Every structure is written in structure tokens, then in C-alpha cells.
Amino acid sequence: MLTFYAVAALLSVVTAVLIVAWTRRVTGNLKPFGADLELGTGWAVGAFFTPIIMLWFPVRLWNQAWRATSPNLPPPIGRNYKRLPGRHLHWVMHAVWWANIVAQQWYLEPTDWTAIEFGSYFGILSGGIGVTLFLAILLVRGLTARQDTYARIWAAAPPAASPAPPGG
């Protein structure tokens with residue numbers, strides 16, 4: 001049983017560290033395109049460690065990055081992204097993540113289980129970890145691909161405010 005707890009805790013910690021680092025990265029990626037961010041790179045890390053705020057700021061950060069990299073929004077982005085819709089997957093992933101954390105804490109202390117109770121718990125918790133990891137992969141791949149596409153479309157384009165080069 002302790003091995004399962006150790007693996008569950010290790011997977012949770014590794015996933016959390018990677019998500020925090022990745023959130024910082026996708027937030028920082030918006031700066032070169034002139035996005036006027038509501039939540040900057042400091043919040044991209046601090047949002048995960050600030051009580052109460054950790055319940056919704058990570059989703060705000062992910063939605064901010066999603067909206068700001070809309071392919072139809074040319075740089076400089078400014079605040080034009082704010083009117084665009086976010087992505088519901090971000091809320092689902094965050095809710096499942098927190099449900100998984102609560103489930104792990106609920107059952108962290110070993111008790112006198114029968115084989116059936118442990119089997120049920122093992123199935124529920126390992127399924128929760130699996131769903132959380134699957135949704136985290138969807139989140140990271142979707143938002144990273146969107147930022148890559150945005151960068152490919154707009155990185156070579158001249159800024160909207162720059163004048164045309166002379167003679168051309």
C-alpha cells in the first residue's frame with residue numbers, strides 16, 4: 001500500500017511542478033507580441049502557492065494565454081484579447097486536479113481496509129490520477145500548439161504600427 005501512496009504522491013508533485021513551470025512559460029511567451037497582461041509571469045508562479053487564489057487564478061492564466069494567441073488577433077495584442085472566449089477544458093482540468101488532491105488527502109492515512117475496500121479505493125484514485133494526467137496533457141498540448149501556431153503566423157509579420165520600408 002505504501003508503494004501506491006508514494007507513486008501517487010510523486011506523480012502529483014511532478015505534475016504540479018511541471019504545470020507551474022509551463023504556466024510561467026506560456027505567460028512569458030505573450031510578451032513579445034505586445035499583450036497587456038492582466039496576470040503576469042509573477043502570478044503564473046504565485047497563483048499556485050497563494051491560498052484561495054490557487055482555486056481560480058491558474059485557469060485565468062491559461063485562458064488569458066489561450067485568448068491572447070487567437071490566430072485572428074494580430075500583434076501588438078494589447079488588451080484586444082479580453083473580449084474573446086476562453087476554453088472550458090481549462091476549468092475541467094483544474095476541477096479534476098483539485099478533486100484528485102482532495103481524494104489523495106482523504107485517504108492518505110492508512111486504515112484497516114478489507115481487500116474490497118482497498119481495491120475500490122485503488123481503482124478510484126488511480127483512475128483520478130490517470131484522468132488528471134490525461135487532461136493535463138490535453139491542456140499543455142492544446143495551448144502550446146496554439147502558441148506555436150500564433151508565433152508561426154505572426155512572428156514574420158511586421159508590426160501593425162510600423163511604416164512600409166522606403167522604396168518597396
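A nonpolar core is a set of buried Ala, Val, Leu, Ile, Met, Phe, Trp, Tyr and Cys residues joined through side-chain atoms within 4.5 Å. Buried means under 20% relative accessible area, exposed over 50%, and partly exposed in between, with a 1.4 Å probe and protein chains only. This is a predicted model: local features need pLDDT of at least 70, side-chain atom pairs count only at pLDDT 80 or more, and totals for chains, interfaces and linings use all residues. Residues are numbered from 1 along each chain as its sequence is written, and side-chain values use heavy atoms, with hydrogens and water left out.

Start with the core. The largest one has 25 residues. Ile19, Trp62, Ile77, Met93 and Leu143 have the most contacts inside it. Two or more residues come from each of H1, helix H3 (57-68), helix H4 (88-106) and H5. Helices (H or I, at least four residues) and strands (E, at least two) are DSSP runs, numbered from the N terminus. Ile19 touches Phe48, Trp62, Met93, Trp97, Ala136, Leu139 and Val140, not counting residues up to four places away in sequence. Contact here means heavy atoms within 4.5 Å.

Now the rings. Rings of Phe, Tyr and Trp (its six-membered ring) pair if their centres lie within 6.5 Å; planes under 30 degrees apart count as stacked, over 60 as edge-to-face and the rest as tilted. The count comes to six aromatic pairs. One of them joins Phe33 and Tyr150, edge-to-face, with 5.0 Å centre to centre and 85° between the planes. This pair links distant parts of the chain, 117 residues apart: Phe33 is in the loop between helix H1 (2-28) and helix H2 (41-46), Tyr150 in helix H5 (residues 115-154). Both residues are buried, Tyr150 with a relative accessible area of 1%. Tyr150 and Trp154 form a tilted pair, 6.4 Å centre to centre and 45° between the planes. Being four residues apart in helix H5, these two are separated by about one helical turn. Phe33, Tyr150 and Trp154 form one aromatic cluster.

Charges meet rings too. A charge sits over a ring if NZ of Lys or CZ of Arg is within 6 Å of the ring centre and within 35 degrees of the ring normal. Arg146 does this over Trp66, 4.0 Å from the ring centre. Arg60 does this over Phe57, at 4.9 Å.

Finally, Leu55. This residue is found in the loop between H2 and H3. Leu55 counts as partly exposed, because its relative accessibility is 45%.
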